[in-house]
Every structure is written in C-alpha cells, then in structure tokens.
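I'm opening my notebook on this one. My plan is to look things up one at a time and jot down what I find.

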Amino acid sequence: RSALPVFTQEEVTSHRSLEDGVWVTYRGGVYDITEFVAVHPGGDKILLAAGGALEPFWSLYAVHNQEHVLEILSEYKVGELSAEDLKKQRSVQTADPYSSDPVRHPGLRVNSLKPFNAEPPSEILSDSYITPSAIFFKRNHLPVPRVDPGSYRLQVEGLPGGALALTLEDLKTKFPKHTVTATLQCAGNRRSEMNEVKQVKGLNWGIAAISNATWGGAKLRDVLLAAGYRPEVATWARHVQFEGLDRDASGTYGASIPINKAVSEDGDVLLAYEMNGEDLPADHGYPLRVVVPGTVGARNVKWVGRITVSAEESGSHWQQNDYKGFSPGTDWDTVDYKSAPAIQELPVQSAITSPADGAAVEGSSQEVTVRGYAWSGGGREVVRVDVSLDGGKTWQVARLEGGQDQAPPPPGRAWAWKLWELQAPLPPGAQELEIVCKAVDSSYNVQPDSVLPIWNLRGVLSNAWHRVRVKVRE
Ligand code: HEM
Ligand code: MTE
C-alpha cells in the first residue's frame, strides 16, 4: 500500500475551489485535480464534484469508464480517504440515473451504454432510404427524460408578446402540420478514422452516426410568429436557443441556431412530434424535438422544453465548449474554444457502406457493386459521387438515388441524403481493391482526400474520402 497520508472527508471538502485547490475522492483515494480542471475535455462541469466523490458523476457520464481516464486520475493522487469516511460514502448508494432509459434494438452497434450512444450496422445503412426509427443512430449526452405528454408545456420566450406556453395538443392542432425528410448527422460521424491517424477524444463512431427520417410537426417559424415574432425583432435578435428536458446538476442540454434559419420560410425547421409517421420514440425526443435540416445533429435538440429568441447564442457547454472545429496543430494545451464558431451547417460527406472494409468480393462474378450514402449540409444537394477501385487513380461516376416517391428537392433545400450505387467490371488480374468514394455538392464543394489536414483534437467534421480495402477471391 502507498505511504500516502490519510485525509478525512472534512479535509477533502475544504478544497472546493481553484483558490483552495480542487480535491475529489474516488474509490477511497484522494486526488488534487486543481491543475487538471483547465484541460478537462468535459469543461468546468468537473467542478461540480469538487470536495466530494466522483462516483455519482461518473455514473452519469460513463465516458469516464475507460482505462485512460483512470490513468489521468492516478497522476493526481495525494492520499487516502479515512476508512470511516469511506464507509459512510458507500452507505449513500446512488440510484442508477439511467434506470428508466428505454429498451433498445439489440442490432445497434453500441459506443456507450450510459449515456446511450449507438449506430446502425453500416452494411445495412444504405438498404433503406428511410432509416427505421429503431435502428436510427442514437446520440444521448444524459439519461433519457420521461416526459408526461399531458402536463408537457413548450415555453416560448424572448419575444415582445411575452411568454407563450403551448401544450402538445396546441402544437398539433393550432399549427399546420409539415413533413420534412431530413438526414441527421452527428459532428463525430467517422471519428474512428481520425483516431487511426492520431488519438482524439470522443465516442469512437464509425460511418453510421448518420440516418434519414421523415419528420412531422409544426414549423418553428409558425410558432415564433404566434409568439410575437415580427421583422423588427431581427434588428436585435440573432439566435434561437433550445433547452432540452434532460438535465444534470449543472443544467439542461442546450443549443442554438441563427435566427435567420429559424424564421426563414425555406429553412424548414420543425418542432417535430412525429418520426416516420409515428410518435417520436423516447430516444429521439418524445414528445417534441427540434429538427434543423442541413444542420449538425447537436442543434436538433430533443425533449425540447424551452425556446428563447435572443441576442446571444446558447451558453450551454455543447454550444460553447464542444462541437467546434480546430486546426490539426491545436492540442489540449493550446485550445481556446472561444476562438472558433459553433458548428452549424455540415460539410459535404459520403461513405461506402458495401462492401465492408476487409470483405472479399467474388472474382468469378467479374463485377463489383459498391454502395453508399452522400449528403451535404445547408440544403446543398449532392450532385455527383465519384468512385475509384484503385485507390484514387481512376474514377467512375456512381448512380444516385433519391427517395422513391420523393420529388426532387427545391434548390437549396436538399435536406435528405442520396444513396448511390456503382456496378463496375473488376480490373483484370486485381487481387485487392482499394475502393474510394467522394461526393460533390451543388456549390462544387468536395471532400478532402485524407484525414491528416483536417484532423482535430475532438475528432469532429471527419469527411475525408472514404476508403475500404477488399480482397478479390479467386
Ligand atoms: C469527458 C476526465 C471529472 C464531465 C472527459 C474525458 C476525460 C475526462 C479524459 C474525455 C473522455 C473521452 O471522450 O475519451 C475526467 C477526469 C475527472 C473528470 C480525470 C476527474 C478528475 C468529471 C466530472 C464531470 C465530468 C466530475 C461532471 C460533473 C465530463 C463530460 C465529458 C467528459 C460532460 C464530455 C463527454 C462527451 O464527450 O460528451 N472527462 N473527468 N468529468 N467529462 Fe470528465
Ligand atoms: N438533445 C438533447 N436534449 N440531448 C442530447 O443529448 N444530442 C444531440 C442532439 N440533440 C442531444 C440532443 C446530438 S449531439 C445529436 S447528434 C442528435 O441529437 C442525435 O439525435 P438522435 O439521437 O435522434 O439521432
């Protein structure tokens, strides 16, 4: 055993600020984490645990159940908690905050159980233009809140008309219902490819933190107009903030979008109560979520309880200190979150869903079929997908598929992905193929050819050419 000093809970609790030092306990150890606070990837939420035990917070943020987190913690050990105080701590059993999370489909590929984060198996992702809700990717930061639809009220604030409180019934009956087919993509989609180049912090998403659904609900624009929005408001208002009903000790999940997007007739921002023709599932925001077509998943706030028109962006951790892009040269010692804008519209993206990396294709068939998805942010339509079978030396154009019964999107409002397919002869004599895809959007934006120049410490905006290697079976 270590010869470190023994401290009482009272001594630990006297270190609760940066001035007095920040101490915490974990499994009977005492840690002085003062120096770590400024570089904590989860921001200053860490101070919530100051002077007390980490366990209840780490059961909420199970991202900490990783060896590298414990290694960091071990560097800050200064002593042991007295046996008597440790016993007291253990007797205060904390209930599992995730115990009322919904049951999920076992076919999902789980990245984290608590909070629940999972993606559909990538090889089936492009089998259906509309992703079935049960396998639609799920990205939760906190436990799923259970909201009673009867007592639910949506608060709309910040407009000259005063505050408005709407029931679910109001939203369904007082506003026309709109349906929009829109793809949601997480900023961290394809993060695992950045991880291969150099370690990043975040969930290790594959290529399927993206899915497509038909959303039904009231237009945010209509609700803001009913709450008193007038063109004059645009002289001072810049953002519309959303607060979720999922919360931790420091507050709720929150995000904001530019006001122009929110009030534009063509922005198609929905307060959705339906997903694929049914009530929203609990994981996707029941009873109401914001759907911001063309915009990063993080702003599509689920279980939305409050909407505020404001001169300022949302002050939430996820708007200010996360979901931002940085230079490959920026590290955790130099990163300044204030220096970068919050991600809103996402860049052009595509990936190969089939064949899977490492799979084998039949040489005897003399043909290979490559399939995948392509999408771009801001309503920019994908106009072309190029596919190479030889690592990028020669290229062929894939056939694009919109939805079957979908009319072509109006210009600037291409919110949904396109699936694509290329059937091509196998290059004669090839034993291995390096299949590559890249998409072009209506602004002629293209994807970068490799990860290194877009690598960033948080592993967001990962949209390099997607590459898979397959063997040709004799
Ligand atoms: C993320 C370390 C305490 C909240 C992280 C990550 C590390 C870390 C390494 C990044 C993990 C990854 O993505 O691979 C630590 C250490 C702590 C501590 C060493 C104690 C000394 C806390 C506390 C809270 C907290 C007390 C909350 C009250 C978070 C959040 C994230 C995070 C919200 C971001 C999760 C996400 O990616 O969405 N922490 N943490 N941490 N931490 Fe902590
Ligand atoms: N809204 C709330 N209230 N809480 C959350 O954790 N996660 C956001 C966003 N909205 C989140 C949220 C993120 S980062 C993404 S990518 C999308 O929801 C994921 O939506 P989905 O789970 O319906 O796929």
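This is a predicted model: local features need pLDDT of at least 70, side-chain atom pairs count only at pLDDT 80 or more; totals for chains, interfaces and linings use all residues.

Is R27 buried, exposed or partly exposed? I counted 13 C-beta neighbours inside 10 Å for R27, so I put it down as partly exposed. A residue needs 20 or more to be buried and 12 or fewer to be exposed, with partly exposed in between. R27 sits in the loop between β3 (21-26) and β4 (29-32). I also noted its phi, near 45 degrees, which is a positive value in a residue other than glycine.

The chain has a mean pLDDT of 95, and 98% of its residues reach 70 or more.

**Another positive phi**
I looked at W303 next, which has a phi of about 45 degrees although it is not a glycine. It belongs to the loop between β17 (289-291) and β18 (304-310). Is W303 buried or exposed? I found 25 other C-beta atoms within 10 Å, so W303 is buried.

**A loop serine**
I then checked S151, in the loop between β8 and β9 (154-157). S151 has 8 C-beta neighbours inside 10 Å, so I marked it exposed.

**Cis bonds**
Where did I find cis peptide bonds? One joins K114 and P115, with omega about -5 degrees. P115 is in the loop between β6 (109-112) and β7 (117-119). Another runs from S354 to P355, and there omega is near 0 degrees. I placed P355 in the loop between β19 (349-354) and β20 (360-362).

**Ligand 1**
Which residues are closest to ligand 1? I wrote down P41, G42, K45, A49 and F57, out of 21 residues that surround the ligand. Helix α3 (residues 67-74) gives the most to this shell, with three residues. Sorting the shell by class, I got 14 nonpolar, five polar and two charged residues.

I looked at the record as well: an unreviewed UniProt entry lists residues 4-82 as "domain: Cytochrome b5 heme-binding". In the model, the end C-alpha atoms of residues 4-82 lie 12 Å apart. That span is 24% helix and 24% strand.

**Ligand 2**
Around ligand 2 I found 20 residues, and the closest are H141, C186, G244, Y253 and G297. The elements that give two or more residues to this shell are β8 (138-139) and β13 (239-248). By class, the shell around ligand 2 holds nine nonpolar, six polar and five charged residues.

**The cores**
A reminder to myself: nonpolar side chains tend to be buried together in soluble globular proteins. Which members of the largest nonpolar core touch the most others? They are L271, V290 and I435, in a core of 99 residues. Strand β26 (residues 432-441) gives the most to this core, with six residues. There is also a second, separate core of 13 residues, and V22, V24, Y31 and A50 are among them.

I went back to V290 for its contacts, leaving out residues up to four places away in sequence. My list for V290 is L220, F242, V269, L271, N300, V301 and V304.

Terms used: Residues are numbered from 1 along each chain as its sequence is written. Chains are lettered from A and ligands numbered from 1 in the order in which they are written. A residue is near a molecule or strand if its C-beta atom, placed from the backbone, lies within 6 Å of it. Helices (H or I, at least four residues) and strands (E, at least two) are DSSP runs, numbered from the N terminus. Ala, Val, Leu, Ile, Met, Phe, Trp, Tyr, Cys and Pro count as nonpolar, Asp, Glu, Lys and Arg as charged, and the others, Gly among them, as polar. UniProt positions are given in the numbering used here, feature names are shortened, and annotations may be inferred rather than shown by experiment. pLDDT is the predictor's confidence in each residue, from 0 to 100. A nonpolar core is a set of buried Ala, Val, Leu, Ile, Met, Phe, Trp, Tyr and Cys residues joined through C-beta atoms within 7 Å. Two residues are in contact if their C-beta atoms, placed from the backbone, lie within 7 Å.
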